[in-house]
Structure formats: C-alpha cells, structure tokens
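Colleague: I would like to learn how to read a structure like this one. Could you take me through a few features?

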Amino acid sequence: MKKIEAIIQPFKLDAVKNALVSIGIGGMTVTEVKGFGKQRGQTQIYRGATFQTEFLTKTRIEIIVEDNQVDNVIEQIIAAAQTGNIGDGRIFVSSVDQAIRIRTREGSFQALS
C-alpha cells in the first residue's frame, strides 16, 4: 500500500475529488494547511495598507491506495490540480506498512474499503 499526499490550491479541491472518485477512489482525508514555497508568501493591500502574508492557505489530500493504483492517481491529481502557475502544489508518495480499521480490526487493504 502507498500513501499519496497532495498539497493543492484550495479552489482545485472539487476538481481533484471528482477526478479521483471517477477512477474509483472511495475515500480521502482533506485538511486545510498553511505554508510557503518558492513564492515566499504574497503581498496584499487592505484598506490602503500593504502587508506581507508569509503563509499561504493550501489544501492537503491524503489517500491510501494499492501499489498498482499509484500512477493513475498521480496522473488524475495533476490533470485536475494543474494551473501552470507557481503554487500549484506538490505530491508525495510513501509506503504504508499496515492499516487497521478500529471498529472491526480488519487489516491491510480491507481496512480502507
């Protein structure tokens, strides 16, 4: 099993969710996060005053999939989240050694469905 963690623009969440549901992904965890990358925040003007926002709001999606689904999930996320501008986000893939459903104690991939 693999964990795919994608940091995306918040306004792209619905498009990414719909793309993943269309390929059979049945669940995901979504979190609002803050951070910065190459753009180092942004300058904003509020009531005539200029100020620097150091951390930008992003959305993190976490999905656990079988190894053979990883490439397809990554392609769907990129296709749905890409704008071509700085700040589109990142995708991280890591191994998951074990998953257990608390209610039934089912293990492995059965715990995810």
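**Reading contacts and the core**

Modeller: Start with Ser95, which touches Met1 and Lys2 once its neighbours within four places in sequence are set aside. Keep in mind that this is a predicted model.

Colleague: How many residues apart in sequence are Ser95 and Lys2, and what is their C-alpha to C-alpha separation in space?

Modeller: They are 93 residues apart in sequence, yet 4.6 Å apart in space, C-alpha to C-alpha. The side chains of Ser95 and Lys2 also make a polar contact, at 3.1 Å. Ser95 itself lies in strand E6, residues 89–95.

Colleague: Is Ser95 buried or exposed?

Modeller: Exposed means over 50% relative accessible area. Ser95 has 52% relative accessibility, so Ser95 counts as exposed.

Colleague: And Thr59, buried or exposed?

Modeller: Buried means under 20%. Thr59, in strand E5, counts as buried because its relative accessibility is 7%. Beyond four places in sequence, its contacts include Ala6, Leu13, Val30 and Val33.

Colleague: Which residues touch the most other members of the largest nonpolar core?

Modeller: The general idea is that in soluble globular proteins, nonpolar side chains tend to be buried together. Here the largest such core has 16 residues, and those touching the most other members are Ile4, Val16, Leu20, Ile63, Val65, Val73 and Ile77.

Colleague: Which elements each supply at least two residues of this core?

Modeller: Strand E1 (2–8), helix H1 (13–22), strand E5 (56–65) and helix H2 (70–81) do. H2 gives the largest share, 6 residues.

Colleague: What is Ile77 in contact with, leaving aside neighbours within four places in sequence?

Modeller: Ile77 is in contact with Ile4, Ala6, Val16, Leu20, Ile63, Gln82 and Ile91.

Conventions: Residues numbered from 1 in each chain as written. Predicted model: local features only at pLDDT ≥ 70, side-chain atom pairs only at ≥ 80, totals over all residues. Heavy atoms only, no water. Core = buried A, V, L, I, M, F, W, Y, C linked by side-chain atoms within 4.5 Å. Buried < 20%, exposed > 50% of the residue type's maximum accessible area, 1.4 Å probe, protein only. Helix = DSSP H or I, 4+ residues; strand = E, 2+ residues; numbered from the N terminus. Contact = heavy atoms within 4.5 Å. Polar contact = N/O pair within 3.5 Å; in protein donor to acceptor, adjacent residues only side chain to side chain.
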